[in-house]
Amino acid sequence: MKLAVVGATGLVGSEILEVLAEHNFPFDELLLVASERSVGKQIDYKGKPYTVIGLEEAVSLKPEVAIFSAGGSTSTEWAPKFAEVGTIVIDNSSAWRMDPTKKLIVPEINAKELTKEDKIIANPNCSTIQMVLALEPLRNRYGIKRIVVSTYQSVTGTGKAAVDQMMAERAGEKADMVYPHKIDMNVLPHIDVFQENGYTKEEMKMIKETKKIFSDDTIQVTATTVRIPTMGGHSEAVNVEFKEDFDLAEVRELLAAAPGVIVQDDPANFIYPMPITAHKKDEVFVGRLRRDESQANTLNMWIVADNLRKGAATNAVQIAEYALANGLI
């Protein structure tokens with residue numbers, strides 16, 4: 001089997017290669033693919049050097065699976081070309097997420113929707129993935145009416161140039177500005193572009209993607225997404241109103257039993273999820289579980305995950321693993 005990683009030289013591409021190695025994902029041939037300016041570069045995978053190739057060559061080699069992390073415009077142009085030669089494309093960009101003909105997949109929630117006909121599969125937004133994974137066992141038990149989410153998102157979500165900006169600022173050096181303002185020692189209530197309704201594109205992604213993944217347009221969602229000067233993962237304060245009342249002990253049990261979720265909820269001993277401890281982990285961490293005393297049937301949660309792992313690379317690899325295990329490849 002041929003496996004292609006498109007965007008192999010980027011932050012998420014590098015993380016995909018790490019996850020593939022850790023998961024011992026089986027393939028016979030690995031194709032590392034990037035833009036023309038990166039063609040010919042050498043990248044190590046499990047101690048073996050691979051030469052980066054271009055997109056046209058990769059399509060001609062007809063890989064069975066291509067994991068894309070190369071931006072929306074590249075995915076829009078090239079994902080259909082791979083699909084035409086029979087490749088299953090798992091795409092990390094926003095290009096296909098809200099396309100009604102494409103599945104938006106978090107494997108623990110809705111991988112069963114996939115069929116052999118699905119040649120382009122969308123990976124959800126990083127901040128959406130960690131939230132819906134933590135909410136899924138509770139949604140199944142109590143039903144969800146409304147979600148209010150405020151995010152605290154790592155600069156790694158913007159890419160290497162954003163990390164370089166923050167670290168240059170921290171060192172007191174002149175920085176190439178990726179953000180419209182300084183990010184170190186600051187907080188930007190602004191992720192992606194502003195829309196006509198006053199929300200950012202990132203906020204609207206969370207709203208729309210949550211409904212699509214849960215296949216439930218009746219769930220009301222509102223979001224405020226914020227960039228903070230951290231690395232290691234995204235954090236979210238989530239206030240969720242259920243259709244039925246809940247028992248906090250049962251909530252903890254449901255979350256502890258959920259695949260891909262780890263409960264860290266012992267505030268008396270200062271144990272709660274943090275990006276610094278979620279870094280390089282595949283799981284979603286949940287804590288600060290407490291009843292909203294201002295409204296019935298409502299829970300407050302704190303959710304943290306490494307945005308480059310479960311928020312991107314790990315989720316994409318898990319989709320490929322599901323497809324392989326279930327005869328879709």
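Guide: The account below takes helix H5 as its subject and then turns to the parts around it.

The model is a predicted one. Helix H5 comprises residues 126-142 and packs on a sheet, and that sheet is the place to begin. It is an open sheet of 6 strands in the order E10-E9-E11-E14-E13-E12, and its pairing is mixed. Its edges are formed by strand E10 (220-224) and strand E12 (261-263), each of which pairs on one side only. From one strand to the next, the twist averages 25°. Within this sheet, H5 touches E9, E11, E12, strand E13 (284-291) and strand E14 (298-305), and the direction of the helix makes about 30° with that of E11.

Strand E9 (residues 144-152) and strand E11 (residues 234-242) run antiparallel and are joined by 8 bridges. Here Arg-146 stands opposite Glu-241 in E11. E12 and E13, by contrast, pair in the parallel sense over 3 bridges, with Ile-262 opposite Phe-285 in E13. E13 and E14 pair in the antiparallel sense over 5 bridges, and in this pairing Arg-291 faces Leu-299 of E14. These two strands, E13 and E14, form a hairpin with 6 residues between them; in the turn, Asn-297 has a positive phi of about 60°.

Nonpolar side chains in soluble globular proteins tend to be buried together. In this model the largest nonpolar core has 55 residues, and those that touch the most other members are Phe-82, Ile-147, Val-240, Val-286, Leu-299 and Met-301. Helix H5 gives the most to this core, with 8 residues. Leu-299 gives an idea of the surroundings: leaving aside neighbours within four places in sequence, its contacts include Leu-138, Val-238, Val-240, Phe-242, Phe-246, Leu-248, Val-251 and Leu-289. A second, separate core has 33 residues, including Leu-17, Ile-43, Ala-312 and Leu-328.

Helix H5 also packs against other helices. Two packed helices are described by the angle between their axes and the distance between the axes. For H5 and helix H8 (residues 248-257), the angle is about 125° and the axes are 9 Å apart. The two helices, H5 and H8, are therefore oblique to each other. Their crossing is right-handed. On the side of H5, the contact is made by Ala-134, Pro-137, Leu-138, Arg-141 and Tyr-142, and on the side of H8 by Glu-250, Val-251, Leu-254 and Leu-255.

Val-19 lies in H1 and is buried, with a relative accessible area of 0%. Not counting residues up to four places away in sequence, Val-19 touches Asp-282, Arg-309, Ala-313, Thr-314 and Val-317. The C-alpha atoms of Val-19 and Leu-248, which are 229 residues apart along the chain, are separated by 34 Å.

H1 (residues 11-22) lies across E1, E2 and strand E5 (65-68), running at about 150° to E1. These strands belong to another open sheet, whose 6 strands follow the order E2-E1-E5-E6-E8-E7 with parallel pairing. Its edge strands are E2 (29-33) and E7 (103-104), each pairing on one side only. Strand E1 (residues 2-6) runs parallel to E2 and is joined to E2 by 5 bridges, and Ala-4 stands opposite Leu-31 in E2.

Conventions:
Residues numbered from 1 in each chain as written. Predicted model: local features only at pLDDT ≥ 70, side-chain atom pairs only at ≥ 80, totals over all residues. Heavy atoms only, no water. Pairing = 2+ DSSP bridges. Helix = DSSP H or I, 4+ residues; strand = E, 2+ residues; numbered from the N terminus. Contact = heavy atoms within 4.5 Å. Axes fitted to C-alpha atoms, helices over the stretch in contact; angles between N-to-C directions. Core = buried A, V, L, I, M, F, W, Y, C linked by side-chain atoms within 4.5 Å. Buried < 20%, exposed > 50% of the residue type's maximum accessible area, 1.4 Å probe, protein only. Parallel < 35°, antiparallel > 145°, perpendicular 65-115°, else oblique. Left-handed = near helix turned anticlockwise from the far one by under 90°.
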